[in-house]
Each structure stands twice: as C-alpha cells, then as structure tokens.
Number of protein chains: 2
Amino acid sequence: MSDTSHRRERLRERTLTEIKDLARAQLVAGGPAAISLRAIAREMGMTAAALYRYVPALDALVIELCTDLHNEVRIACEAARDADGDPDPVRRLLVMARELRRWALAHRPEATLMFGPPLPGVEQFHQQCDDLQCAGAQLGQIFVQPMLELWQAGRLPDIGHVDLDRLAGALPAHGELPIEVTAVFLTSWTRLYGILAAELFGQLTWAATDTQPLFEAELAFFAAQVHPTPTAAAASVRNS
Amino acid sequence: MSDTSHRRERLRERTLTEIKDLARAQLVAGGPAAISLRAIAREMGMTAAALYRYVPALDALVIELCTDLHNEVRIACEAARDADGDPDPVRRLLVMARELRRWALAHRPEATLMFGPPLPGVEQFHQQCDDLQCAGAQLGQIFVQPMLELWQAGRLPDIGHVDLDRLAGALPAHGELPIEVTAVFLTSWTRLYGILAAELFGQLTWAATDTQPLFEAELAFFAAQVHPTPTAAAASVRNS
DNA sequence: CGCGAAAGTAAACACCGTTCACTCAAATGA
DNA sequence: TCATTTGAGTGAACGGTGTTTACTTTCGCG
C-alpha cells in the first residue's frame, strides 16, 4: 500500500521539482518578473490551472524558489569553506565571503531575486521574515558562527562606533548572541551586502564597473581588525 | 501663433505631470510593480491607448519617474546641507547622508524603486546607465564633492586596502576624479547603501529591526578617519 | 472490478501592455 | 473665412498574466 503510494508521492515530487526547475530557468532567462505559471504549464504541456495542484499560488512558488536558492548558496559557501580546510575563523570567513560573491555574480538573476526587494505585496514580505528568512538566517549563521568563535577567543574586532544599547533594543527575540558579535556581524554583513547589491542592481555603473577591489578591501580591512592570536593566523589574510 | 501653441504645450505638460503624479501614487500605494498604465488612464477617465500620446511605453514612464525621484532626493539632501549651513565637508557629508536615509525610510516604495534592481529586461538597465544614472550620478556627485574638498585639503581618509591599480582599470571614461577620492567615495557609499538597502529590502529582519545604530556608526567611523585640520572641525562629528 | 481520490482540463474573470484604425476638435495657413 | 492639417482621444483587438470554478479523466487501492 505504502509502496505504490510512495510511487505516487515520488511522481508528485518529481512534477514539483520540474515546476521549480522551469521556474528557475525562467528566472535565469528573464529575471524575477519573468517567472510565470502559464509559461511553466505551457512548457510542461499542461494547463496553468493544473499547477495549482502543486503550488498554492505564484507567490508561494517564488518564495520556495527563493528559499532553495538561499540554501544552495549557503551550501556552496560551506563547501568552499570545507574545501579550503583552514580552521582559522578569519580565513573561513574570507573564503565564504568570496564564494558568496562569486556565486552571486555567476547567478545574477537568482541573486537579484534573493537580495533584492520582495516582489509583490506585503504578505510575501512577512513570509520572508518567517519562512524564507529561516533560510536567509541560516545563510547568515554560517558567517555568524566564525565570528562567535572569534569572540570566544577574544579576537573579535572592536565594534567601532555602534550604539550597543540602542542596537540591543532592536534585536529580534530569538537572538541569544552576544551583542558585540551581532554588532560586528551586522556591520560586516551590510558592508559586503552593499558592494554586492550595488553591483547586482547596477547602482554604480556610472562610478565603477568592477567592485572586486572594494570587496577585497573590505575583507582585508576586516581581517586586519581581528585581534591576532599569539600563535599564528596572521598570514591568513592572503588571498586564495 | 506661438501664443496658442504655448497654451497647447502647457496643457500637454499638465497632463503629463498628472500621469506622473498618478504613477507615483500607485508606486506609493503598491510598490514598483503596481504602476499600471491602464489604472492611470482609468483614474484619469481616459483610455489606456491615449496615454501613448504622452509616454512611449510603461518602461519609459517608470524610468522618468525614477529620474525625478533621484533629483528629488538630491535636492532634499542639498536643502538639508544648506539649512545646516556648516561649511565643513565632513559635517556636510553627515548631514546629507542622514537626510538621504531619512528620506528613503519616509518614502520606502520610491526608495525601493530607486535603489532596487531595474524592473523588466536589460534595455532599461542600460538606460539607467546613461539617462537615469545621469540623475543617479548627480546624486552621487553631491557626496563626491565634499570628499574632493577633503582631498584638496589633505584630510581625505586613507584608502584602507583598496587595490588602486585594479580599481583604476574599472572606472568609466568620464572619471576625472583622483583615484583616492573615487576609492573613498565608493567605499563609503557602498557601506551606507548596504545598510539602507538591507533595511529597505527586509534583508536582515531576522537579525535587527532598526539599522540606525549601524548607519550612525558608519558615519562616525568615517568622520573619525578624516585627518583633522590643525584649526578646528573635529567637533563636527556630533549629531544634529 | 469498482470506487474514490488525485490529476488534469476547459472556460471564464479580471487584469495587464501595446497597436491600429478611426473620430473629433482645435489650431493653422491661404 | 474656410479648408486642411495636426493632435488628442476612442474602441476594439491581440496576446499575455494569475486565479477560480466546474467538470472529466486517470489510476491506485481495497
């Protein structure tokens, strides 16, 4: 009973992955706005209405795709980190950040969907705060974790001029992180995000065409700010 | 002859501003994707086809709206700067940056349109590099200018770890700026942009709900990096 | 084999951008 | 002043979108 039922489910899941694959293909081909249920159905030789057996609405499909992408880039960063092998937190951060940028520029439409503004109304926005940002938070966590290690080792950079009291009042409930780690993470993350998003969205095409020097400079700046451990780990600033 | 013709032109221009006003109202109400020619025409008691006497296409209308918004925020920043009156370049930069953030958060849909990814295809993207980024560049220029003054006064912050050679190879032709100024500008601009865009796009709702401490920290950090002039101007770090 | 649930279809509704042929009024020139 | 040209606006159509509803078909399970 469950055997054939499983076959059913597998078929269903296969159809759903086909839907998501086609959605991604459309995303790659024409950007986030080009994702269309009718076009997916057309390509699958089906009616658009049939897709509603698998997806409650277009928004949900886009959100799910967005979640998958967050996981994909997180796994890519983790893989790059593990492939490098260096246990030094700073080195791990640099490797992951570079992989994040590499992935984003190699998958611009996907990155635009992930890091750009949420598409339609406000519902999806809140959804992003709960469901998707779960994946988004997981992506952030792999950067938070090495910073936490740095903090535990007393190597965390000084939080420049951040008003910790006010920042502490603006944190979500689930934050069990030391406020210093949060401050350093947010500062570094938004700096990298700014360079990446600005390039992705063509915000500074009038000022520069290659943001790699800026990105590397932020990485080097961060690394230089980390308090050196007496033993080694000062040579990890070097590029890969 | 030209008298009546002028009246005609005024009427035409009045209609065009009405179109753009309604487009902006839709933008405010429902985000960039909610801008619709048919809805504008409906609200004006006209046919959608009639709008094509005033606007070549929806994309062009959005681009023009975007240009207007860039000018509007630039003028707002200039006004804040002039209202403050302090001639110190650092002080002017801080005032303008704060006004930029205040405006963006007070006009989130408009800011999303301006600072988010370009909506449809790639054509608009290039248009943004030429026509719109003309307005975008002007917005950037009011921040470049005080930095240029700082450079002339020998007070420009040290460009952290930016690879100036590589950066110099990635600049558009129209750049007659000293490379150090460009480097400092791009670094500071992308840092502020990152905080602003991240908040606008809900990218770190899982990590923080108020980015004001981060923004102020970046400003303070920049101000602290400026080489002090022998006379005064070190007290201008204070908030307004 | 027959039943029932799941999958898929067809049609409709309400939108959207855009184009084309057409009307109508107003400004222009002789 | 009168005919003409120009511009604004209309109506209909084409092709596209998301979504819902009622209906049909298919297929696994008892």
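**Figure 1. Chain A follows the pattern α-α-α-α-α-α-α-α-α when read along its sequence.** The model shown here and in the other views is predicted. The secondary structure of chain A consists of nine helices and zero strands. Chain A has 240 residues, of which 51% count as buried. Among the contacts in chain A with a separation of 6 or more, 73% are between residues 24 or more positions apart.

**Figure 2. Chain B is superposed on chain A by a rotation of 180 degrees.** The shift along the rotation axis is 0.0 Å, and the superposition has an RMSD of 0.1 Å. This is the relation of a two-fold axis. Which residue of chain B comes closest to the rotation axis? That residue is B:Gly194, whose C-alpha lies at 1.6 Å from the axis. Of the interface residues of chain B, 98% are also interface residues in chain A, so the copies meet through the same surface.

**Figure 3. Helices H3 and H4 of chain B come within 8 Å of each other, as judged by their axes.** Helix H3 spans residues 58-84 of chain B, and helix H4 spans residues 89-106 of that chain. Their axes cross at roughly 135 degrees. The crossing in which H3(B) passes H4(B) is right-handed. On the side of H3(B), the contact is made by B:Leu69, B:Glu72, B:Val73, B:Ala76, B:Cys77, B:Ala80, B:Arg81 and B:Asp84. On the side of H4(B), the contributing residues are B:Arg91, B:Arg92, B:Val95, B:Met96, B:Glu99, B:Leu100 and B:Trp103. How many residues of each class take part in the contact of H3(B) with H4(B)? There are nine nonpolar and six charged residues, and no polar ones.

**Figure 4. B:Thr182 has its place in helix H8 of chain B.** Helix H8 covers residues 179-200 of chain B. Is B:Thr182 buried or exposed? Residues under 20% relative accessible area count as buried; B:Thr182 has a relative accessible area of 7% and is therefore buried. When residues up to four places away in sequence are not counted, B:Thr182 touches B:Leu171 and B:Leu177.

Technical notes. Residues are numbered from 1 along each chain as its sequence is written. Chains are lettered from A and ligands numbered from 1 in the order in which they are written. This is a predicted model: local features need pLDDT of at least 70, side-chain atom pairs count only at pLDDT 80 or more; totals for chains, interfaces and linings use all residues. Side-chain values use heavy atoms; hydrogens and water are left out. Copies are superposed by least squares on the C-alpha atoms of residues with pLDDT of at least 70 in both. Contact means heavy atoms within 4.5 Å. Axes are lines fitted to C-alpha atoms, for helices over the stretch in contact, and angles run from 0 to 180 degrees between N-to-C directions. Helices (H or I, at least four residues) and strands (E, at least two) are DSSP runs, numbered from the N terminus. A crossing is left-handed if the near helix is turned anticlockwise from the far one by less than a right angle, and right-handed if clockwise. Ala, Val, Leu, Ile, Met, Phe, Trp, Tyr, Cys and Pro count as nonpolar, Asp, Glu, Lys and Arg as charged, and the others, Gly among them, as polar. Buried means under 20% relative accessible area, exposed over 50%, partly exposed in between (1.4 Å probe, protein chains only).
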